[in-house]
Amino acid sequence: MSIPAGIKDDLPFLTALRRDLHAHPELGFEEERTAGIVAGLLEEAGIIVHRGVGGTGVVGTLQVGNGARRIGLRADMDALAMPEMAERPYKSTVPGKMHACGHDGHTAMLLGAARHLATTRGFSGTVHFIFQPAEEGRGGAKRMVEEGLFQLFPCDAVYGLHNMPGLAVDEIAVVEGPQLASSDSWRMTFRGTGTHGAKPHLGRDPITAAGTFLSTLQTIVGRVIDPLQPAVVSTCFLQAGDSKALNVIPDVVEIGGTARAYSPAVRDQLEIEIGRLAHGTAAMYGIAVDYAFERRIPPVINDADATARSLAAAGAVFGEKVRTRFPPSTAGDDFAFFAQNAPGCYVWLGNGQAVDGALHHNTAYDFNDGALGYGAAYWVALVERELKG
């Protein structure tokens, strides 16, 4: 394993920084304190800082030599709206908010790499350190792109990294192709005619229609989508009637859920087929339906050339501990919007074994500080190999 001496020397600082960020979590587009710390440390390192891209986003630019190639490195900064239940010295000080996905570690690792590269300057070209707000479902990456991220900071390639419990801290997975699924939401309202529960024939029952819809929803994945193409459709919300009025058939039933796919074509199919089933069910029961499909996040698909470059950098740091086969996740990440604007590669950095089963988005989760040096070293190796003098 190869972690530069300068990064090793910086690990006590980076660990303290990571734990400070953990203790002070901020939700998407509220990362004022975090962004201030990031901007301050970049400026101290002599890196040009731009604030306010995408609200609370921060971009640091370091240009060395006359190399023409430009790359972007992304770290997400936001926390989640959930309580931290585990006791630790740096436990969240903000009720109902915690870093349950490791973005505190992502931020600290990219800052460590930026500080090291600003000192050693062992490359020729331009690197943009992109500290993104609001990855957790609030649209931070999309907003940065819409506000001109890639016009202001052009990139020939863009790279992302996420911690992965279950992989050892000295392991990394670098895989071409799909890494994360699209993350879309669907909602519908069945509109019937309410009536007395003892006289269903005098109304149009939306609850029975909803039951039929729900019982047949999984036939979309099981009988419509190509079985060689992964897809997920889940119902996550259902609301109808009133528990205090158990003799009333309601007028409406509201249903909502999520749809996931790795292929743009399958993503299109899911939108069409959920709607087809909703409208067909409504017609069968003689009621109306309102249907909406919200395209939130595209799939993350690693570019072949960017993956090859990432793999070379990973090999320099992790040696034989690089995994080139690793299953994609059905979770989503809005890094996908960055990868739509430049060839991209998103890698999985080991976070060690999940303590007490505490995976991402668990109230006992914690980023493993043992991964800080490896993550920062990977970023440094990527820059120095991508932007050779």
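Analyst: A crossing is right-handed if the near helix is turned clockwise from the far one by less than a right angle, and left-handed if anticlockwise. In this predicted model, α9 passes α11 in a right-handed crossing.

User: Which residues of α9 and α11 meet?

Analyst: From α9 come Arg 309, Ser 310, Ala 312, Ala 313, Ala 314, Ala 316, Val 317 and Phe 318. From α11 come Tyr 374, Ala 377, Tyr 378, Ala 381, Leu 382, Arg 385 and Glu 386. By class, the contact of α9 with α11 has eleven nonpolar residues, one polar and three charged. Tyr counts as nonpolar here, so Tyr 374 and Tyr 378 go in that group.

User: What makes up the contact of α2 with α3, by class?

Analyst: Val 38, Leu 41 and Leu 42 of α2 meet Thr 107, Leu 111, Ala 114 and Arg 115 of α3. They divide into five nonpolar, one polar and one charged. Arg counts as charged, so Arg 115 is the charged member.

User: How do α6 and α8 pack, in angle and axis distance?

Analyst: Helix α6 (residues 206-216) and helix α8 (residues 264-285) pack at about 145 degrees, and their axes are 9 Å apart. α6 passes α8 in a right-handed crossing. On the α6 side, the contact uses Thr 208, Ala 209, Thr 212, Phe 213 and Thr 216. On the α8 side, it uses Ile 274, Leu 277, Ala 278, Thr 281, Met 284 and Tyr 285. The classes are seven nonpolar, four polar and no charged residues.

User: How do you know that Thr 281 counts as buried?

Analyst: Its relative accessibility is 3%. Buried means under 20%, so Thr 281 qualifies. Thr 281 lies in α8. Beyond its sequence neighbours up to four places away, it touches Phe 190, Ala 209, Thr 212 and Phe 213.

User: Why is Thr 258 called buried?

Analyst: Thr 258 has a relative accessible area of 16%. The cut-off is under 20%, so it counts as buried. It sits in strand β12 (residues 252-261). Leaving out residues up to four places away, it touches Asp 184, Trp 186, Val 232, Val 233, Ser 234 and Cys 236.

User: Which polar partner does the side chain of Thr 258 have on another side chain?

Analyst: That partner is Arg 260, at 3.0 Å. The limit for a polar contact is 3.5 Å, so the pair counts. The side chain of Thr 258 also reaches the backbone oxygen of Asp 184 at 3.1 Å.

User: Why is Lys 91 called partly exposed?

Analyst: The relative accessible area of Lys 91 is 24%. Buried needs under 20% and exposed over 50%, so Lys 91 falls in between. Lys 91 is in the loop between β3 (70-76) and α3 (103-120).

User: What does Lys 91 contact, leaving aside neighbours within four places in sequence?

Analyst: Ala 23, Glu 84, Met 85 and Ala 86. Its side chain also makes a polar contact with the side chain of Glu 87, at 2.9 Å. Lys 91 and His 22 are 69 residues apart in sequence, yet 7.0 Å apart in space, C-alpha to C-alpha.

User: What sets the phi of Phe 29 apart?

Analyst: Phi of Phe 29 is near 65 degrees, a positive value in a residue other than glycine. Phe 29 lies in the loop between α1 (5-23) and α2. Its relative accessible area is 25%, between the 20% and 50% limits, so it is partly exposed.

User: Is Ala 134 buried or exposed, and why?

Analyst: Buried: its relative accessible area is 0%, so it is under the 20% cut-off. Ala 134 is in the loop between β4 (125-132) and α4 (140-146). Its phi is positive, about 55 degrees, although it is not a glycine.

Note on methods
Residues are numbered from 1 along each chain as its sequence is written. This is a predicted model: local features need pLDDT of at least 70, side-chain atom pairs count only at pLDDT 80 or more; totals for chains, interfaces and linings use all residues. Side-chain values use heavy atoms; hydrogens and water are left out. Helices (H or I, at least four residues) and strands (E, at least two) are DSSP runs, numbered from the N terminus. Buried means under 20% relative accessible area, exposed over 50%, partly exposed in between (1.4 Å probe, protein chains only). Contact means heavy atoms within 4.5 Å. A polar contact is a pair of N or O atoms within 3.5 Å; within protein, one must be able to donate a hydrogen and the other to accept it, and residues adjacent in sequence count only if both atoms are side-chain atoms. Axes are lines fitted to C-alpha atoms, for helices over the stretch in contact, and angles run from 0 to 180 degrees between N-to-C directions.
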